[in-house]
Amino acid sequence: MTERGHIIFLGAPGVGKGTQAKLLSRRLGLPHVSTGDMLRASVLAGTEMGRRAKAVMDSGALVGDDIILGIVRERLAESDASSGVLFDGFPRTLAQAKDLDAMLAESPLGIRAVLHLVLADEEIVERLSGRRVCAQCGAIYHVRFQPPKQEGVCDRCGGALLQRDDDRPEVIRHRLEVYRRDTEPLIAYYADRPGYREISAEGDTETVSKRILEEVGEAHG
Ligand code: AP5
């Protein structure tokens, strides 16, 4: 696996992409670029794009490719992205993957790894239905698997822990259907590349993190 370039986390909603991307970001010193977090920040800021995106996100559907590609292009132009980023939740459609390749064809950095996290649907539903997220700093918790020290309060910043609007059971089901239809085709798109790895997301956070570090060649220490 090459040592420079962007890393893509691929996998179903709730498989643990955000949790693992945050850990790997600290380990490698590369920025964590989550299109979901960027969209939620626009919703909170009350921008026009945020208002339009909120309805789509709450339904479990995907936001339009043009909007997503616009925000990714802007993010990659920032100076901290010059050594590569960790993409979480992007690309999510074949059109996004092809456009990313086109964008990177003009850049010195390519795709270093595609880490495809895999987990059974019933465990995904359990992870999503118990997820709580800090409204202030975005830290991710789970009521059973990663509980905060004090219920409803973020360990890191003291912010309030909330349930995401799209973590309701009927929306979770729809998000999984959308994943199968629109995002799963990316597995075949990337599977032949040298940096593609399928990684089991079973087990606790630390176990999964170790598997990931082994695959990206950072398992020492
Ligand atoms: P986004 O925010 O990207 O959501 P997602 O892909 O559905 O992924 P999640 O954030 O739900 O899950 P995750 O895999 O990151 O899991 P997490 O680490 O939190 O997107 C939201 C919406 O934005 C989309 O539906 C769409 O509308 C829009 N959008 C975003 N990007 C887009 C794009 N590119 N194109 C179009 N639209 C886009 O973990 C889940 C839970 O499990 C947590 O509670 C965690 O504590 C727990 N957990 C994690 N790991 C473990 C473990 N090993 N053991 C036990 N529990 C664990």
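Guide: Two strands pair if DSSP finds at least two bridges between them. This is a predicted model, and in it 2 bridges join β5 to strand β7. The two strands run antiparallel, and Val133 stands opposite Leu162 in β7.

Visitor: Which residue stands opposite Val133 in β6?

Guide: Strand β5 covers residues 131-134 and is joined to β6 by 3 bridges. These two strands run antiparallel. In β6, the residue opposite Val133 is Ile140.

Visitor: Which residue in the hairpin of β5 and β6 takes a positive phi?

Guide: The hairpin has 5 residues between the strands. A phi near 85° is found there, and the residue that takes it is Gly138.

Visitor: Which element gives the most residues to the shell around the ligand?

Guide: Several elements supply at least two residues each, among them α1 (17-28), α6 (121-129) and α9 (205-215). Strand β6 (140-142) is also one of these elements. The most, 4 residues, come from α2.

Visitor: How many charged residues does the shell around the ligand have?

Guide: There are 36 residues around the ligand. By class, 15 are nonpolar and 12 are polar. The number of charged residues is 9.

Visitor: How much of the accessible area of the ligand does the protein cover?

Guide: A polar backbone atom of Ala61 is 2.6 Å from an oxygen atom of the ligand, and a polar side-chain atom of Arg131 also lies 2.6 Å from a ligand oxygen. For Thr205, a backbone N or O atom lies 3.3 Å from a nitrogen atom of the ligand. On its own the ligand has 1000 Å² of accessible area, and the protein covers 97%.

Notes
Residues are numbered from 1 along each chain as its sequence is written. This is a predicted model: local features need pLDDT of at least 70, side-chain atom pairs count only at pLDDT 80 or more; totals for chains, interfaces and linings use all residues. Side-chain values use heavy atoms; hydrogens and water are left out. A residue is near a molecule or strand if one of its heavy atoms lies within 4 Å of it. A polar contact is a pair of N or O atoms within 3.5 Å; within protein, one must be able to donate a hydrogen and the other to accept it, and residues adjacent in sequence count only if both atoms are side-chain atoms. Accessible areas come from the Shrake-Rupley method with a 1.4 Å probe; for residues, only the protein chains shown count as cover. Ala, Val, Leu, Ile, Met, Phe, Trp, Tyr, Cys and Pro count as nonpolar, Asp, Glu, Lys and Arg as charged, and the others, Gly among them, as polar.
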